[in-house]
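Trainee: I would like to learn how to read a few features of a structure. Please begin with the aromatic rings.

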Amino acid sequence: FLDVIFGLQKTKIAGALVTSGIADALGEKSRRPVDLADELQLDSDVTTRIINAAITIRLIKRDRTGRVRLTKIGAPLRREHPKSIASWAAYY
């Protein structure tokens, strides 16, 4: 049963990255979470929490300077990615 619940959480996290614009704003670059929040006019605390959750499921990676970027697994959440699953993630 925990697999079902955690699976739902992972889907929600992926969807939040898409619907908030975080995935597209990251693109192929590394950014600071606070800068993303400012650019997208999102709450910085909530943005950081979403990013931290995405890090735990390997959709995003944080470097030593605190900047984050999409991983190979998370990259298809961008709408411009050649194998984008952004619409699917946002739908679910």
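Mentor: Rings of Phe, Tyr and Trp (its six-membered ring) pair if their centres lie within 6.5 Å; planes under 30 degrees apart count as stacked, over 60 as edge-to-face and the rest as tilted. This is a predicted model, in which local features need pLDDT of at least 70 and side-chain atom pairs count only at pLDDT 80 or more, while totals for chains, interfaces and linings use all residues. Residues are numbered from 1 along each chain as its sequence is written, and side-chain values use heavy atoms, with hydrogens and water left out.

Trainee: How many aromatic pairs does the structure hold?

Mentor: A pair of aromatic rings is described by the distance of the centres and the angle of the planes. The structure holds two such pairs. Trp88 and Tyr92 are tilted, at 4.9 Å centre to centre and 50 degrees between the planes. Tyr91 and Tyr92 are edge-to-face, at 5.0 Å and 85 degrees.

Trainee: Are Tyr91 and Tyr92 buried or exposed?

Mentor: Buried means under 20% relative accessible area, exposed over 50%, and partly exposed in between (1.4 Å probe, protein chains only). Both Tyr91 and Tyr92 are exposed. Tyr92 counts as exposed because its relative accessible area is 54%.

Trainee: Why does Thr71 count as buried?

Mentor: Thr71 is buried because its relative accessible area is 14%. Helices (H or I, at least four residues) and strands (E, at least two) are DSSP runs, numbered from the N terminus. Thr71 lies in the loop between β2 (68–70) and α5 (86–91).

Trainee: Which residues is Thr71 in contact with, leaving aside its neighbours within four places in sequence?

Mentor: Contact means heavy atoms within 4.5 Å. With those neighbours left aside, Thr71 is in contact with Arg58, Leu59, Ile60 and Lys61. On the same terms, the contacts of Ile60 include Leu17, Leu26, Val68 and Thr71.

Trainee: Where does Ile60 stand in the largest nonpolar core?

Mentor: A nonpolar core is a set of buried Ala, Val, Leu, Ile, Met, Phe, Trp, Tyr and Cys residues joined through side-chain atoms within 4.5 Å. The largest one has 18 residues, and Ile60 is among those that touch the most other members, with Leu17, Leu26, Leu36 and Leu77. Two or more residues of this core come from each of α1, α2 (22–26), α4 (44–56), β2 and α5.
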